[in-house]
Amino acid sequence: MIQTLKTDSSFRLCFAAIAFGFVFIMNGKLSSGTTPHEADPPQASNLALSPEAAPPDTAMDDASGINFGPLPPFVPEFPVYIFYLGERKHDDPNLVTQSHLEILKSVLGSEEATNKSMVYSYHHGFSGFAAKLKPAEAEKLKKHPEVIILLENRKLGLQTTRTWDYLGQFSTPTSSKSLLHETNMGSGAIIGVIDSGIWSESGSFDDDGYGPIPKHWKGQCVSADQFSPADCNKKLIGAKYYIDGLNADLETSINSTTEYLSPRDHNGHGTQVSSTAAGSFVSNMTLLGLSSGSIMRGGAPKAHIAMYKACWDVEGGMCSVADVWKAFDEAIHDGVDVLSVSVGGSALKTLDVEIDIAIPALHAVNKGIPVVSPAGNEGSRSSSVINVSPWILTVAATTLDRSFSTLITLENNKTYLGQSLYTGPEISFTDVICTGDHSNVDQITKGKVIMHFSMGPVRPLTPDVVQKNGGIGLIYVRNPGDSRVECPVNFPCIYLDMEVGSELYTYIQTRSSMKIKISPYKTIIGESVASKVAKSSARGPSSFSPAILKPDIAAPGLTLLTPRIPTDEDTREFVYSGTSMATPVIAGIVALLKISHPNWSPAVIKSALVTTAMKTDPYGERLTVDGGNYKVADAFDYGGGLVNLEKATDPGLVYDMDINDYTHYLCSQTLYTDKKVSALTGNVNNKCPSSSSSILDLNVPSITIPDLKGTVNVTRTVTNVGRVKSVYKPVIEAPFGFNVVVSPKKLKFNKTRNKLAFTVTVSPGSHRVNTAFYFGSLTWSDKVHNVTIPISLRTRFIDNFFL
């Protein structure tokens with residue numbers, strides 16, 4: 001039965017928590033990459049299930065509870081700096097490298113010092129170099145006429161059976177018209193992955209039945225620590241690693257005692273990403289709650305994989321900009337068709353942070369290689385999205401139609417469902433203790449289940465404390481936006497939301513004698529499970545460029561079934577979730593689209609995905625957001641919406657862009673002059689557009705106006721990729737209170753006219769004050785295709801005054 005110690009302050013705190021309906025759980029620092037899982041998943045072959053979780057708490061002194069914050073960062077005597085020079089001036093990479101050495105020598109003086117300083121020469125996809133220099137030397141070199149940008153070598157963070165059934169791309173295609181069938185499951189496509197390495201022995205990388213390696217492939221598999229070319233095959237066709245940039249800026253260099261100094265994966269992140277994008281079919285998965293004979297595969301199961309290990313098992317996953325740039329440089333040269341880059345920096349509005357990934361990604365996209373990257377995991381707060389450049393395909397994360405539920409049964413057979421991955425034996429009927437703190441947990445815990453309500457500033461009760469004091473289970477009652485904690489293996493940590501937890505508490509409290517039973521979790525799949533944008537998924541608008549909608553698209557990134565690398569350690573650290581796992585879902589789909597439409601540019605592929613996306617789950621229920629109060633999701637949560645891969649193959653109309661659009665974006669941000677634009681593109685005739693050209697007219701598949709005062713005209717151009725003779729009419733869903741008018745009223749396409757422009761006129765309508773963003777949409781329809789772009793509007797009658 002529940003113990004009601006009326007003189008116990010923990011009981012009074014518990015009662016107060018219920019009365020006010022409030023739970024406060026102290027959050028740790030959120031990374032901009034993947035979030036580790038809070039509890040060890042069931043052991044099942046070599047699988048990893050990755051539900052969403054928050055990172056661990058920040059370090060605190062156990063005695064005083066004071067957070068002392070991080071130690072001052074190590075600053076090397078010769079930090080690594082990156083010098084970006086734009087497009088290559090020579091086709092011969094050796095000549096490009098020689099020019100880099102000469103520039104470096106102009107400051108250092110001697111050839112010996114120059115060679116010692118050089119870390120990387122970027123000479124394939126673009127021109128630039130990384131070098132170890134004193135700050136004063138770097139500042140001097142910044143003034144060299146060929147240097148466009150100087151960057152510090154910052155650290156970046158690492159940011160499936162049911163997935164494909166959920167998205168309507170079933171593991172055993174039944175339709176000859178499906179994208180998977182028409183592309184022969186991605187056969188011939190090469191997906192490059194910049195991540196933490198790969199465990200080549202996993203069944204997800206089996207090459208049984210594969211054809212020859214594509215002739216355009218120039219990459220290789222390197223021989224290094226516990227990895228050799230023999231570890232590659234017709235599936236895994238490339239594997240390289242890059243560590244010099246990170247090691248040069250670390251106080252203690254990474255060595256073979258803590259990591260594999262090779263493409264071999266040490267923390268599992270890269271293996272999960274690779275298998276999600278292009279894993280081969282793995283049959284007969286056995287996991288509690290899954291149907292017998294379940295199949296695991298990637299989005300493009302017959303595509304080839306090339307791993308570029310630029311991220312290392314340091315502090316949960318760390319990469320340096322210098323290493324990531326080198327990975328981009330060689331991936332472009334090697335001949336990848338798609339790049340999946342689950343890496344990102346901060347959401348802060350600074351030029352340097354924005355171009356950490358954007359500059360090499362621009363060169364890849366300009367060469368026809370789509371770059372898919374995560375929106376980041378710093379949600380659910382506003383303006384937390386990263387990778388915001390318009391040439392990057394930025395991915396938000398949603399849940400699946402799969403829930404892992406644990407049954408709590410009362411003695412009268414009344415039941416409650418909580419969220420858990422508990423796989424241990426059933427806990428028979430036992431007493432429950434309700435507590436609001438853990439000051440006397442050692443006196444009340446032994447042999448009991450603890451039902452925990454937490455109120456700030458009290459730290460949350462952790463499972464290890466309960467287990468240490470003899471407790472046999474922990475029920476967390478929490479608000480939807482509160483964090484989860486790590487749970488020991490086979491120890492039940494069950495999560496209830498506040499409403500259900502309060503009902504359970506009240507029900508037990510009214511009985512003179514009542515105990516509970518806890519059962520192992522079971523999987524619930526299908527329409528009854530609501531799909532949500534993940535709490536951790538970063539949100540728009542972009543703080544760097546609020547007129548460009550980000551994220552672009554959403555895909556499942558939680559509770560994905562993926563391979564796990566062998567380890568003797570606690571396996572929780574090998575389970576990941578979040579936008580970095582949603583990214584390869586989109587990368588696999590992009591690979592299929594490239595096979596299906598080889599002439600589509602990266603911008604066209606992005607447009608096809610955005611304009612055909614769903615605002616609902618596959619069952620027609622509107623997507624909501626997790627993290628705090630539930631609300632209907634909007635464009636800042638999921639961009640165009642949840643990916644609809646079959647519709648994306650035939651979008652009807654597309655919004656295309658090229659290097660001129662991208663330089664327009666850079667010039668609008670005052671990042672580039674005519675001289676820099678010419679150097680970036682390698683064409684002296686390329687210039688910044690006139691000052692009258694508006695960033696609002698950039699041909700992105702969305703319309704976002706963050707500072708509307710009066711009437712504004714926005715232009716877009718669409719290209720017909722559907723029926724040659726077709727007529728489209730607009731359908732407008734204007735944001736609340738705003739006036740939106742489209743001209744012309746029809747778009748008529750024929751053999752000689754497959755591109756047409758239109759104008760959208762927007763005014764504040766009934767609004768007379770500074771507002772928050774309101775959302776709507778514009779759809780062009782020919783009664784076969786519905787080509788939809790999101791509209792996001794905010795008035796700013798008073799400058800620099802925000803709600």
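Glutamine 226 is exposed, with a relative accessible area of 55%. In this predicted model, glutamine 226 sits in the loop between strand S8 (190-195) and strand S9 (236-241). Its phi is positive, about 55°, although glutamine 226 is not a glycine. Most residues other than glycine have a negative phi.

Isoleucine 213 belongs to the loop between S8 and S9 as well. Is isoleucine 213 buried, partly exposed or exposed? At 37% relative accessibility it counts as partly exposed, because that value falls between the 20% and 50% cut-offs. Leaving out residues up to four places away in sequence, isoleucine 213 touches Asn233, Lys234, Ile237 and His304. Asparagine 233 is 20 residues from isoleucine 213 in sequence. Their C-alpha atoms are 9.1 Å apart.

Lysine 783 has a positive phi too, near 75°, and is a residue other than glycine. It lies in the loop between strand S40 (774-781) and strand S41 (786-795). Lysine 783 is exposed, at a relative accessible area of 83%.

The relative accessible area of serine 537 is 0%, so it is buried. What does serine 537 contact, neighbours within four places in sequence aside? The partners are Gly376, Gly379, Ser380, Ala396, Ala397 and Thr579.

This loop also holds proline 541 and proline 551. The peptide bond from glycine 540 to proline 541 is cis, with omega near 0°. A cis bond also joins lysine 550 and proline 551, with omega about 0°. Most peptide bonds are trans.

**Threonine 398**

Threonine 398 is part of strand S18 (residues 392-398). With a relative accessible area of 0%, threonine 398 is buried. Aspartate 617 is 219 residues away from threonine 398 along the chain. The two C-alpha atoms are separated by 9.9 Å.

| H8 (269-278) and H14 (579-596) | about 30° | 7 Å | right-handed | 5 nonpolar, 5 polar, no charged |

How do H8 and H14 come together, and at what angle do they pack? The angle is about 30°, and the axes lie 7 Å apart. That makes H8 roughly parallel to H14. On the H8 side, the contact uses His269, Gln272, Val273, Thr276 and Ala277. These meet Ser580, Met581, Pro584, Val585 and Gly588 in H14. The residues of this contact divide into 5 nonpolar, 5 polar and no charged.

Which residues make the contact of H18 with H19? H18 supplies Ile659, Thr663, Leu666 and Cys667. H19 supplies Val677, Leu680 and Thr681.

**Buried helix and cores**

Helix H15 (residues 602-611) is mostly covered, with 10 of its 10 residues buried. The buried residues of H15 include Lys606, Ser607 and Thr611. Pro602, Ala603, Val604, Ile605, Ala608, Leu609 and Val610 are buried too.

The largest nonpolar core has 91 residues. Which of them touch the most other members? They are Phe328, Leu339, Trp391, Tyr672 and Trp780. Phenylalanine 328 has contacts with Phe126, Ile194, Leu339, Val341, Ile357, Pro360, Ala361 and Val371, leaving aside neighbours within four places in sequence. Another core, of 62 residues, lies apart from the largest one. Among its members are Leu180, Ala239, Ala582 and Leu642.

Terms used
Residues numbered from 1 in each chain as written. Predicted model: local features only at pLDDT ≥ 70, side-chain atom pairs only at ≥ 80, totals over all residues. Heavy atoms only, no water. Axes fitted to C-alpha atoms, helices over the stretch in contact; angles between N-to-C directions. Helix = DSSP H or I, 4+ residues; strand = E, 2+ residues; numbered from the N terminus. Parallel < 35°, antiparallel > 145°, perpendicular 65-115°, else oblique. Left-handed = near helix turned anticlockwise from the far one by under 90°. Contact = heavy atoms within 4.5 Å. Nonpolar A, V, L, I, M, F, W, Y, C, P; charged D, E, K, R; others polar. Core = buried A, V, L, I, M, F, W, Y, C linked by side-chain atoms within 4.5 Å. Buried < 20%, exposed > 50% of the residue type's maximum accessible area, 1.4 Å probe, protein only.
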